[in-house]
Amino acid sequence: MNRQYRLLLLLCATLAIAPIAHTSEDTLKIVATTTQAADLIGILSADVAGVEITALMGAGVDPHLYQPTESDIAAMNQAELVIYSGLRLEGQFEIVFAALSEQGIAIYPLSAPVEEAGFIIGGFDLSETLMDVADPHFWFDPRNWQLTAADLAETLAELDPANAALYRANAADYLEQLQLLYDWADEGLRSIDEGKRYLVTSHEAFQYFGAAFGWRMQSIQGLSTEDEAGVGDIQETVEFVIDNQIPVLFVESSIPPDTIEAVIEAVRAQGADARIGLRELFGDAMGEPDSFGGAYIGMLAQNALTIMQSYQCMGADVEIPDWPTGLLPQPPEDLWNADCDARSHA
Ligand SMILES: [Zn+2]
């Protein structure tokens, strides 16, 4: 039986046993799909008693390809609120989301306030026909994430009015943190010569990041990893790297490194020098929960640091600004003091 169809049947069956209503107990059950969503809901509901968060995807998981499991569906079915990234990032969840909302379960796409504000960037889906679609990676601009945090706090305040003040206070603190993060990353990333600011990655996850901090993007795959990279995509990237004398290319933590490695090999075969970045970038998934990159702020800061340091290691002039006082989490020493010789491969 087709997997999606089987999941749909399962969903219908579980909904039939336990329809809507969750008003019992004092627990507010919230399900978050991506690591970013889980981090945000955790921050906004800090110190609120009785909130139970279930995170579906772990570190390093690719949300474009992730299929909801039977226990994911059961958790969503029992939740009062399901928060997800939206704009089809969770490409395999569409049927489930439709069924959930038909059953009256509140589902909240984190992209909604950004879309409403008009900050969604277009892009191309490279599958079969070249289609103009909304780029789902909106969280990579911290100013978008501010909009999302503020709006989600209001949604929580409505759902749980007794704790409204706490959600709003948490959001206000977090918006300030995100501002410190944005200012720090912006100063550092713009310290590199404008003509040298190219971010070459496996898939098109960083358009918003580029737009936020003044970098030009080039990727091998399109907006979704559902589109497989072809020989033509690799060749095109090789030419782009050589033409623009780009010294460093980046692998993403949620995507296998082969395509980037193939580009580097081909660039070198043509006598140009290009290397892999000092560390992987966090693309669509953050790091392990207890690591620096396991929080949104750490994830974005680590990406910015990795880019700045990787360019610095290749001889570019980069001014990495001091870490802002009061911005948490604090980057660990070994991350802050990069060792240019420590790059693991290529
Ligand atoms: Zn993506």
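Start by selecting helix H2 (residues 35-44) and the elements that its buried residues pack against: strands S1 (28-32), S2 (51-55) and S3 (81-84), and helices H6 (142-159), H7 (164-189) and H11 (296-313). Here a contact means that the C-beta atoms of two residues, placed from the backbone, lie within 7 Å. Helices and strands are DSSP runs numbered from the N terminus, with at least four residues of H or I for a helix and at least two of E for a strand.

What you have open is a predicted model, in which local features need pLDDT of at least 70, side-chain atom pairs count only at pLDDT 80 or more, and totals for chains, interfaces and linings use all residues. Residues are numbered from 1 along each chain as its sequence is written.

Stay on H2 and colour by burial. Eight of its 10 residues are buried: Thr35, Gln36, Ala37, Ala38, Asp39, Leu40, Ile41 and Leu44. A residue is buried if 20 or more other C-beta atoms lie within 10 Å of its own, exposed if 12 or fewer, and partly exposed in between, with C-beta atoms placed from the backbone.

Next, step into the loop between H2 and S2 and pick Asp47. Its phi is near 70 degrees, a positive value in a residue other than glycine. Asp47 counts as exposed because it has 10 C-beta neighbours inside 10 Å.

Now select helices H9 (residues 231-243) and H10 (residues 258-269), whose axes are 9 Å apart at an angle of about 55 degrees. Axes are lines fitted to C-alpha atoms, for helices over the stretch in contact, and angles run from 0 to 180 degrees between N-to-C directions. H9 and H10 are therefore oblique to each other; angles under 35 degrees count as roughly parallel, over 145 as roughly antiparallel, 65 to 115 as roughly perpendicular and the rest as oblique.

Show side chains at this contact: Ile234, Thr237, Val238, Val241 and Ile242 in H9 meet Thr259, Ala262, Val263, Ala266 and Val267 in H10.

From H9, move on to Gln245, in the loop between H9 and strand S9 (248-249). Gln245 has a positive phi near 50 degrees and is exposed, with 12 other C-beta atoms within 10 Å.

Then go to the loop between H11 and helix H12 (333-336), the place of Pro329. A cis peptide bond joins Leu328 and Pro329, with omega about 0 degrees.

Finish by colouring on pLDDT, the predictor's confidence in each residue from 0 to 100. The chain averages 90, but residues 15-24 stay under 50. Where pLDDT is low, the predicted coordinates should not be read in detail.
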